[in-house]
Amino acid sequence: DDYFGAMPESERPDFIKADIEGAEMDFLRGAQKCLTAQPHARVAIALYHRPEDPVQIPAQLREYGFTGTPVPGYRLMYMWKQHPYFQSAMLRAQKGC
């Protein structure tokens with residue numbers, strides 16, 4: 001956030017793809033300034049690493065002014081010593097569109 005936040009607005013990224021093995025919420029918290037400052041930002045972010053991701057990640061992005069929908073399709077998840085479950089794989093979100 002400090003790196004991108006220091007850039008002039010015209011040079012800040014307007015599209016970010018994040019599939020970072022369960023660290024998506026950490027990324028969103030750390031990139032708050034960058035994501036809220038860019039008026040037309042777009043994000044594609046993984047929702048399948050943790051069972052709570054399909055709820056927490058869209059909620060965090062809504063707090064930053066984004067709207068979005070999960071990409072159609074599901075992933076069958078099997079975690080050690082848990083029952084398998086289906087989960088949305090990716091979310092596309094945008095701001096100011």
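Biologist: How many salt bridges does the structure hold?

Modeller: This is a predicted model, and the structure holds three salt bridges.

Biologist: What makes the pair Asp 26 and Arg 29 a salt bridge?

Modeller: The term asks for a side-chain nitrogen of Lys or Arg within 4 Å of a carboxyl oxygen of Asp or Glu. The side chains of Asp 26 and Arg 29 meet at 3.3 Å, N to O, and 3.3 Å is within 4 Å, so the pair qualifies. Both residues belong to helix α2 (residues 24-30), where they sit three residues apart, about one turn of the helix.

Biologist: Why is Asp 26 called exposed, and why is Arg 29 called partly exposed?

Modeller: Exposed means over 50% relative accessible area, and partly exposed lies between that cut-off and 20%. Asp 26 has 52% relative accessibility and therefore counts as exposed, whereas Arg 29, with a relative accessible area of 46%, falls in between and is therefore partly exposed.

Biologist: What makes you say that the buried residues of α4 line one face of the helix?

Modeller: The buried residues of α4 are Asp 53, Ile 57, Pro 58, Gln 60 and Leu 61. Seen down the axis of α4, these residues fall within an arc of 155°, so they line one face. On the other side of α4, Val 55, Arg 62 and Glu 63 are exposed, and just after the helix Gly 65 takes a positive phi of about 95°.

Biologist: Why is Leu 47 called buried, and where is Leu 47 found?

Modeller: Leu 47 has a relative accessible area of 1%, which is under 20%, and it is therefore buried. Leu 47 is found in the loop between β2 (42-46) and α4 (53-63). Leu 47 and Pro 70 are 23 residues apart in sequence, yet their C-alpha atoms are 8.5 Å apart in space.

Methods
Residues are numbered from 1 along each chain as its sequence is written. This is a predicted model: local features need pLDDT of at least 70, side-chain atom pairs count only at pLDDT 80 or more; totals for chains, interfaces and linings use all residues. Side-chain values use heavy atoms; hydrogens and water are left out. Helices (H or I, at least four residues) and strands (E, at least two) are DSSP runs, numbered from the N terminus. Buried means under 20% relative accessible area, exposed over 50%, partly exposed in between (1.4 Å probe, protein chains only). The arc is that of the directions from the helix axis to the C-beta atoms.
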